[in-house]
Amino acid sequence: MTDRPQINFGTDGWRAIIAEDFTFANVRACGEAVARNLIATGRADQGLVVGFDTRYGSPRFAKAVADVVNSYGINTHSFDVAAPTPACSFAVVDHKSANGVMITASHNPPEWNGFKVKSSAGGSATPEEVAKIEEHLADVLDGKPSDPAGTTGSDSVFDVITPYIEQLHRVIDVAPIKAKPLKVVVDAMHGSGAGIIPQMLAGGAIEVTEIRSDQNPNFPGMDQPEPIEHNVKPLSAAVRELGADVGIALDGDADRVGIVDENGNYFSTLEVFSLLTDHFMGRRNERGGVACTITMSSMVDKLSTHYGAPIYRTPVGFKFVGPTMIDNECSMGGEESGGYAFKGHVPERDGSLSGLLFLEAMVMSGKKPSELLTDLHTLVGPHTFRRIDVSYDESQRANLAKTVETVSPSSLGGLSLESEDRRDGVRFNLSGGSWAVVRMSGTEPLVRIYAETPDSETLEAVLTELRSTLGIQ
């Protein structure tokens, strides 16, 4: 076996730095692996959707995928413009395709790009399907030949935005939202979600202002296009300056959402999902249950108990959440990263839909975001959350992974350990509903540390002791 690139599909696809590992040769190899898997599973005649975001070279990388897949006699449907990842997922279902490939690095820094595979159901490919593609990828990289196709497939470029917008209108009735004289600021973070929410809400009494809506692969003014607190300061400032009722931020490929309230205060991703859970179970009377990862808030458990709806916990990644939603006919699904999915749509994170549903919660309740959060905490008690990302050199990975695998404190921050969940890293369930998680990122060289407690003082104590226990400062 010859030396070959290390291409690993992590939590959600393969991501790497452009021109280092994310090269045309490696992207073509991934495309070829997808094509071989379609042939091996007898689904080649269903075709493949190929999409791309606003990052450097994304349209050309997508074209390279389409070309190599066509060479296997498989037809492709390609985006006409950069569009959100959930638009790719929906397009797979809309075109009745076997899979989708989305060229995007989602929220990663600008020097990164990525290759995501979407299932025929319109969600992240399952771990089993990804494993099969990786097997074919190993053959491609090792130079193992395959039988050439007798014909060449065709590539049809299609309008990706219009059907996606039409689908969102089927999932949510925006008429009551548009009728309210609300002021909304949307931060597109220079990504592929620009224009979606303004288009959905055009023509009513509502006033929508969009910032950072121009496509810019440098993602200026932020470390990475992720809607977390330190990246949404321009959104918070715009909300205060305009006297807006709410601010909605999208990440680079618009599958995640961030919310700031009428005062410009950032809501954590756990608070947003818990608020949406309360909205779905309470005002919408959707009791089909919730699928969410081990890093999601314990507020969701309390809401599920309160409303009498089931909850299903999964490892991190929508490749676990989506199938769990399908298998259990859940009303919604979510993960700590700010990606949430909902009944009636594809089992895929959708930042624009999440933002629209948050607006629906405001309209149906007649309350401001800060009031909704106060009501939530009144119902389930106070909760404070924080995530810490610690970078490391690749040479440290094995030792850190071993530490994460074996660490087992009897208490953290004065809270006793009640149980452990080791399906993905380790989750420490602490007394009183508090918890902490430590896991290796599946997409970046990071150790992620999470914790949720009733107050900030206890939160800092848990995080400090956990870092000390891990030997991470």
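**Close-up views of the predicted model**

**View 1. Thr-464 is found in helix α15, which covers residues 456-470.** Helices (DSSP runs of H or I, at least four residues) and strands (runs of E, at least two) are numbered from the N terminus. This is a predicted model, in which local features need pLDDT of at least 70 and side-chain atom pairs count only at pLDDT 80 or more, while totals for chains, interfaces and linings use all residues. Residues are numbered from 1 along each chain as its sequence is written, and side-chain values use heavy atoms, with hydrogens and water left out. With a relative accessibility of 52%, Thr-464 counts as exposed; the cut-offs are under 20% relative accessible area for buried and over 50% for exposed, with partly exposed in between (1.4 Å probe, protein chains only). Between the C-alpha atoms of Thr-464 and Leu-412 the distance is 8.8 Å, although 52 residues separate the two in sequence.

**View 2. Ser-434 sits in the loop between β19 (426-430) and β20 (435-440).** The relative accessible area of Ser-434 is 5%, so this residue is buried. Once neighbours within four places in sequence are left aside, Ser-434 is in contact (heavy atoms within 4.5 Å) with Leu-415, Phe-428, Asn-429, Glu-452, Thr-453 and Pro-454.

**View 3. Phe-267 and Phe-358 form an edge-to-face ring pair.** Rings of Phe, Tyr and Trp (its six-membered ring) pair if their centres lie within 6.5 Å; planes under 30 degrees apart count as stacked, over 60 as edge-to-face and the rest as tilted. By this rule there are 10 aromatic pairs. In the pair shown, the ring centres of Phe-267 and Phe-358 are 6.5 Å apart and the planes stand at 65 degrees, which is why the pair is edge-to-face. Phe-267 belongs to strand β11 (residues 266-267) and Phe-358 to helix α12 (residues 351-365), so the pair ties together parts that are 91 residues apart in sequence. Both partners are buried: Phe-267 has a relative accessible area of 3%, and Phe-358 one of 1%. Elsewhere, ring pairs link Trp-14, Phe-22, Phe-24 and Phe-61 into a cluster.

**View 4. Strand β14 (residues 332-335) has buried residues pointing both ways.** From this strand, Met-332 and Gly-334 point one way, whereas Gly-333 and Glu-335 point the other way. Strands pair if DSSP finds at least two bridges between them. With strand β12 (residues 290-293), β14 pairs in the parallel sense over 3 bridges, and Gly-333 is the bridge partner of Ala-291. With strand β15 (residues 339-342), β14 pairs in the antiparallel sense over 4 bridges; here Tyr-340 is the bridge partner of Gly-334. In the hairpin of β14 and β15, 3 residues lie between the strands, and Gly-338 takes a positive phi near 100 degrees.

**View 5. An open sheet of 5 strands has the order β8-β7-β9-β10-β11.** The pairing in this sheet is mixed. At the edges stand β8 (207-211) and β11, each with a single partner strand, so one side of each is left without a neighbour in the sheet. Strand β7 (residues 183-187) runs parallel to β8 and is joined to β8 by 5 bridges. In one of these positions, Glu-207 of β8 is the bridge partner of Lys-183.

**View 6. Ala-19 and His-190 have positive phi values without being glycines.** For Ala-19, phi is near 80 degrees. Ala-19 is located in the loop between β1 (14-17) and α1 (24-40), and with 64% relative accessibility it counts as exposed. For His-190, phi is about 65 degrees. His-190 is located in the loop between β7 and α7 (196-200) and is buried, with a relative accessible area of 6%.

**View 7. The second largest cavity holds about 70 Å³ of space.** A cavity is a set of points, on a 1 Å grid over the protein atoms alone, where a 1.4 Å probe fits but cannot get out, and its lining residues have an atom within 4 Å of a point. Points are joined across faces, edges and corners, and a volume is the space filled by probe spheres set on them. The structure has 3 cavities of 30 Å³ or more. By class, its lining comprises 4 nonpolar, 4 polar and 3 charged residues; Ala, Val, Leu, Ile, Met, Phe, Trp, Tyr, Cys and Pro count as nonpolar, Asp, Glu, Lys and Arg as charged, and the others, Gly among them, as polar.

Notes:
On a 1 Å grid over the protein atoms alone, a cavity is a set of points where a 1.4 Å probe fits but cannot get out, and a pocket is an open set with protein on both sides within 12 Å along at least five of seven lines; lining residues have an atom within 4 Å of a point.
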